[in-house]
Amino acid sequence: MNGVIDLDMESEYVRRHHRHEPRDNQCTSVLVKHIRAPVPLVWSLVRRFDEPQKYKPFVSRCIVQGDLGIGSVRQVNVKSGLPATTSTERLEQLDDVQHILRIKILGGDHRLKNYSSIITVHPEVIEGRPGTMVIESFVVDVPDGNTRDETCYFVQALIRCNLTSLANVSERMAVQGRSDFINH
């Protein structure tokens with residue numbers, strides 16, 4: 001990217017919105033992705049608790065129980081290739097003003113126990129145009145038989161894949177001049 005990354009703002013956003021208090025048997029990390037698309041477009045994808053498959057390549061299907069408000073639960077089906085087929089997740093926070101989405105995994109046939117993630121979306125300028133800084137952080141238990149580093153590496157790889165896909169989808173929509181993203 002040929003732009004200036006404001007590490008002070010990045011650090012401030014992390015400090016302000018991405019607070020996790022990991023226990024001894026947990027790992028936590030923060031990942032950042034810079035996307036060449038405006039915040040409203042990127043947020044319109046991120047905020048869709050009911051349609052994570054719009055940008056998450058490992059999700060094949062999602063069924064939501066509830067009214068899409070805080071406390072709603074979704075059943076996510078995972079595409080083959082991952083060591084899981086389902087995940088049950090609860091919406092913990094959805095803030096359309098500050099662009100914050102927080103999710104907690106309640107169960108499923110995977111090893112991500114006590115997993116919680118926070119995604120925030122922030123405006124920035126990339127090469128003189130409106131862009132978006134997406135920050136995702138998580139905390140999760142380290143499963144028996146795994147190290148903290150192995151667990152963090154695995155989760156970071158999944159998140160990086162999701163963020164790269166989010167960037168690709170958002171940037172493609174931005175280039176196409178899509179304006180239908182404004183409708184939630």
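Tutor: Contact here means heavy atoms within 4.5 Å of each other. The model is predicted, so local features need pLDDT of at least 70 and side-chain atom pairs count only at pLDDT 80 or more, while totals for chains, interfaces and linings use all residues. Residues are numbered from 1 along each chain as its sequence is written, and side-chain values use heavy atoms, with hydrogens and water left out.

Student: Which residues is K104 in contact with, leaving aside its neighbours within four places in sequence?

Tutor: K104 is found in strand 5, which covers residues 100-108. Strands (E, at least two residues) and helices (H or I, at least four) are DSSP runs numbered from the N terminus. Once the neighbours within four places are set aside, the contacts of K104 are T88, E89, R90, E92, N114, Y115 and S116.

Student: What is the relative accessibility of K104?

Tutor: Buried means under 20% relative accessible area, exposed over 50%, and partly exposed in between (1.4 Å probe, protein chains only). K104 counts as partly exposed because its relative accessibility is 24%.

Student: What distance separates the C-alpha atoms of K104 and V139?

Tutor: K104 belongs to strand 5. It lies 35 residues from V139 along the chain, and their C-alpha atoms are separated by 9.7 Å.

Student: How far apart are the closest N and O atoms of R90 and E92?

Tutor: R90 and E92 are both among the contacts of K104. R90 is partly exposed at 26%, and E92 is partly exposed at 25%. They form a salt bridge (a side-chain nitrogen of Lys or Arg within 4 Å of a carboxyl oxygen of Asp or Glu), and the closest N and O atoms are separated by 2.4 Å.

Student: How many salt bridges does the rule count?

Tutor: Side chains of opposite charge can pair when their charged atoms come close. Under the rule, the salt bridges in this model come to 10.

Student: About what separation, in helical turns, lies between E12 and R15?

Tutor: E12, partly exposed at 23%, forms a salt bridge with R15 at 2.7 Å between the closest N and O atoms. An α-helix has 3.6 residues a turn, so residues three or four places apart point the same way. E12 and R15 are three residues apart in helix 1 (residues 7-17), which means a separation of about one helical turn.

Student: At roughly what angle do the axes of helix 2 and helix 3 cross?

Tutor: Axes are lines fitted to C-alpha atoms, for helices over the stretch in contact, and angles run from 0 to 180 degrees between N-to-C directions. Angles under 35 degrees count as roughly parallel, over 145 as roughly antiparallel, 65 to 115 as roughly perpendicular and the rest as oblique. Helix 2 and helix 3 are therefore oblique to each other. The axes of helix 2 (residues 39-46) and helix 3 (residues 148-175) come within 10 Å, and the crossing is at roughly 130°.

Student: Which residues of helix 2 and helix 3 make the contact?

Tutor: Helix 2 passes helix 3 in a right-handed crossing. The contact is made by L41, V42, L45 and V46 of helix 2, and from helix 3 by L166, V169, S170, M173 and A174.

Student: Which residues of helix 2 are buried?

Tutor: Helix 2 is largely enclosed by the rest of the structure, because seven of its eight residues are buried. The cover over them includes helix 3 and strand 1 (26-35). The buried residues are V39, L41, V42, W43, S44, L45 and V46.

Student: What is the phi of L68?

Tutor: L68 sits in the loop between strand 2 (59-65) and strand 3 (73-78). It is partly exposed, at 36% relative accessibility. Although L68 is not a glycine, its phi is positive, at about 70°.

Student: What value is the phi of N114 near?

Tutor: N114, one of the contacts of K104, is in the loop between strand 5 and strand 6. N114 is partly exposed at 35%. It is a residue other than glycine with a positive phi, near 55°.

Student: How far apart in space are D67 and P130, C-alpha to C-alpha?

Tutor: D67 lies in the loop between strand 2 and strand 3 and is exposed, with a relative accessible area of 68%. D67 and P130 are 63 residues apart in sequence, and their C-alpha to C-alpha distance is 32 Å.

Technical notes: A crossing is left-handed if the near helix is turned anticlockwise from the far one by less than a right angle, and right-handed if clockwise.
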